[in-house]
Amino acid sequence: MGFGSERHHFKHPSACFSSRNHSGPGDYAAELEIYAQSLPTTYGQPDVQFIYAQPADKLVKGITTPTLPNATSIPIDVWPKNLQELAEKMAQTQKRE
């Protein structure tokens, strides 16, 4: 198989917090903070824009909220039907700035 021939399947976001994974919803904030802090080194730039989705507790019980003062959060109260819907919400945040 060549580059780009892999199939990618959209998983319901709640699948990210299944018991098969090592982390749970209580670790979401800490893991997202670590990831966000790694972006400047990863991309070799001091400032990297970071937009993330924050599911409501009613969707993922026990989910924690990260402290990311320079990031933009997209609150999710209802699971999006597809990734395009989420991407459009994220793009709209940039139109407002």
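A pocket here is an open set of points on a 1 Å grid over the protein atoms alone, with protein on both sides within 12 Å along at least five of seven lines, and its lining residues have an atom within 4 Å of a point. The model is predicted: local features need pLDDT of at least 70, side-chain atom pairs count only at pLDDT 80 or more, and totals for chains, interfaces and linings use all residues. Residues are numbered from 1 along each chain as its sequence is written, and side-chain values use heavy atoms, with hydrogens and water left out.

**Whole chain**

Start with the protein chain in cartoon view. Two helices and two strands make up its secondary structure, in the order α-β-β-α from the N terminus. Helices (H or I, at least four residues) and strands (E, at least two) are DSSP runs, numbered from the N terminus. Of the 97 residues, 28% are buried; buried means under 20% relative accessible area, exposed over 50%, and partly exposed in between, with a 1.4 Å probe and protein chains only.

**Second largest pocket**

Select Ala36, Val48, Phe50, Asn70 and Ala71, which lie nearest the centre of the second largest pocket among its 13 lining residues. The space in this pocket is about 230 Å³, a volume being the space filled by probe spheres set on the points, with grid points joined across faces, edges and corners. Its lining has nine nonpolar residues, three polar and one charged. Ala, Val, Leu, Ile, Met, Phe, Trp, Tyr, Cys and Pro count as nonpolar, Asp, Glu, Lys and Arg as charged, and the others, Gly among them, as polar.

Two aromatic pairs are found in the whole structure. The Phe50 and Tyr52 rings are stacked, because their centres are 5.7 Å apart and their planes are at 20 degrees. Rings of Phe, Tyr and Trp (its six-membered ring) pair if their centres lie within 6.5 Å; planes under 30 degrees apart count as stacked, over 60 as edge-to-face and the rest as tilted. Phe50 and Tyr52 are both buried.

Next select Gln54, in strand E1 (residues 51-55). Gln54 has 10% relative accessibility and so counts as buried. Leaving aside residues up to four places away in sequence, Gln54 touches residues including Tyr28, Ile63, Pro66 and Ile76, where contact means heavy atoms within 4.5 Å. Gln54 and Ile76 are 22 residues apart along the chain, with 5.8 Å between their C-alpha atoms.

Finish at Gln37, in helix H1 (residues 28-43). Gln37 counts as exposed because its relative accessibility is 60%. From Gln37 to Val48 the C-alpha distance is 9.5 Å, and the two are 11 residues apart in sequence.

Notes. 1 Å grid on protein atoms, 1.4 Å probe; cavity = no way out; pocket = protein on both sides within 12 Å on 5 of 7 lines; lining within 4 Å.
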